[in-house]
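Colleague: Please take me through the reading of this model, feature by feature, with the general idea first and then the case at hand.

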Amino acid sequence: MPTTQETQSLPATAASDPLEIDVSGISSPALARLVEEIRNDEPSTNRAYDRVHNRHNR
Amino acid sequence: MVGIDTVLIKVASRCNINCSYCYVYNMGDAGWAVMPKRISHETALAIGRALSELSSAQRHPFAVVLHGGEPLLLGQKRLERLLEILRRALPPSHSISIQTNGMLITEAILDTCSEYRTNLSVSIDGPGIVHDRYRVGHGGEPTHAKVVEGIRRLREHRDAQFLYSGLLAVIDPDSHPGDVYQYLKGLGAPSIDFLCRDGNHSHLPDGKASFESIEFGSWLARLLDLYLADPTPPRIRLFDDIIRLILGASGIKEGVGITDFGILILETDGSVAKNDTLKSAYDGADRFETTWSVHEHNLTEVVNSIEFASYHAMQRPSSKACLSCPELHVCGGGMPLHRWSDENGFNNPSVYCMDQKFLIDHIRSRLIEYRISA
């Protein structure tokens, strides 16, 4: 994660459009994956309709 | 016509454990007691016919999830017969999954699931000291060791890459998120999700002091920081959904965002019910006024009905606070069950409103720090 010093040195408008950002420059693998998925319009799970596994069996 | 993307079948109405936070057994509803213990062969056949017709009527496939109670109380033979019926009834594009407490996973059951392309997700709340506080047996005994054994079998099966879908944990805000994160990650699931405890404005969730408090939001914020900093993270569905929504994409599950999800619940006797989490609001909250059953009714007609459409619309929040909130498109007003109050019904923001706001703000701040705009 960027250090406080690194973020404080950035201009206020330094945040980039996810469609334009170079994912190799994102230091968080989770975020890099998500940006790539959004850019490629990919579903957020490996399998379609996979979300059902998140329904809790309580 | 309401498009159905999920059909949840409660194949067993009983459970082999008795989690103290369970919305089925411990939050005021007794509907399960009048249900058959397990789905009958006749009901399974009727469900197969009904789902085949629904699939033909829709343009897009739906996912089927076997639920309960504890679905593996069916046993291997009954499970095999049910899956055979479902696979015969539905095209391969329709996924079938099981949400299980993991304690009854056997090699034979896994072989059957593999044969009929049915994956499993396991409920586990964290390391034993966290999990066993609430997920206990009927005598109050711990369950963690048996769950872990079930997960081990799942991981070691030759078809584990397909079968092992994910883990699902209910948040204990008194636990250390780092301990929970590292432990669950160590179980090797491709995806992990987290749920807040059931509760509402009239019955606060256990661990939440007030509407204004943010125990769950702050716990999740700490978990998020670990997730974003992890060089080898699993997928965490809740965070992925919120981040996607903030960046202009869509989520995949109800509870965040304003996408309408079409969920059809079939009870153990084949009757059609509402979202079972509504049980936590009041006794009978998950039942339609109209009595529908796969034995007598066409599911396409059910989902085309005014009553079903009205229920479907409940996903969207109605309170002024939600509709005027700048984060509506991300938060979505949360889960309907969390909006209930005895005074206003479901016309409230979520009881987790402050938690959601805190978490969303935290994620926005982190995105800026990582130089990603919304």
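**Reading rings, helices and cavities**

Modeller: B:Trp340 is a buried residue, its relative accessible area being 12%. Buried stands for under 20%, exposed for over 50% and partly exposed for what lies in between, with a 1.4 Å probe and protein chains only. B:Tyr282, at 38%, is partly exposed. The model is predicted, so local features need pLDDT of at least 70 and side-chain atom pairs pLDDT 80 or more, while totals for chains, interfaces and linings use all residues. Residues are numbered from 1 along each chain as its sequence is written, chains are lettered from A and ligands numbered from 1 in the order written, and side-chain values use heavy atoms, without hydrogens or water.

Colleague: How many aromatic pairs does a search of the whole structure find?

Modeller: Rings of Phe, Tyr and Trp (the six-membered ring) pair when their centres lie within 6.5 Å; planes under 30 degrees apart are stacked, over 60 edge-to-face, and the rest tilted. Over all chains, the search gives 10 aromatic pairs. In one of them, the ring centres of B:Tyr282 and B:Trp340 are 4.9 Å apart and the planes stand at 45°, so this pair is tilted. B:Tyr282 belongs to the loop between β9 (272-273) and α10 (299-303) of chain B, and B:Trp340 to the loop between α13 (328-331) and α14 (353-369), so the pair ties together parts 58 residues apart in sequence. Helices (H or I, at least four residues) and strands (E, at least two) are DSSP runs numbered from the N terminus. Elsewhere, ring pairs join B:Phe288, B:Trp292, B:Phe308 and B:Tyr311 in a cluster.

Colleague: Which residues does B:Phe346 touch?

Modeller: Contact means heavy atoms within 4.5 Å. Leaving aside residues up to four places away in sequence, the partners of B:Phe346 include B:Leu278, B:Met314, B:Pro336 and B:Trp340. B:Phe346 is itself in the loop between α13 and α14 of chain B. Its C-alpha atom is 6.8 Å from that of B:Pro336, 10 residues away along the chain.

Colleague: Which ring does the charged end of B:Arg117 sit over?

Modeller: The rule asks for NZ of Lys or CZ of Arg within 6 Å of the ring centre and within 35 degrees of the ring normal. For B:Arg117 the ring is that of B:Phe162, with 3.9 Å to the centre. B:Arg197 likewise has its charged end over the ring of B:Tyr134, 4.3 Å from the centre.

Colleague: What covers the buried residues of α2(A)?

Modeller: In helix α2 (residues 29-39) of chain A, eight of 11 residues are buried. Among them are A:Leu31, A:Arg33, A:Glu37 and A:Ile38. The cover includes α8 (215-229), β7 (235-236), α9 (237-246) and α14 of chain B. Just after the helix, A:Asp41 has a positive phi of about 55°.

Colleague: How many cavities of 30 Å³ or more are there?

Modeller: Rolling a probe the size of a water molecule over the atoms shows where empty space is left. On a 1 Å grid over the protein atoms alone, a cavity is a set of points where a 1.4 Å probe fits but cannot get out, and lining residues have an atom within 4 Å of a point. Points are joined across faces, edges and corners, and the volume is the space filled by probe spheres set on them. The count is seven.

Technical notes:
On a 1 Å grid over the protein atoms alone, a cavity is a set of points where a 1.4 Å probe fits but cannot get out, and a pocket is an open set with protein on both sides within 12 Å along at least five of seven lines; lining residues have an atom within 4 Å of a point.
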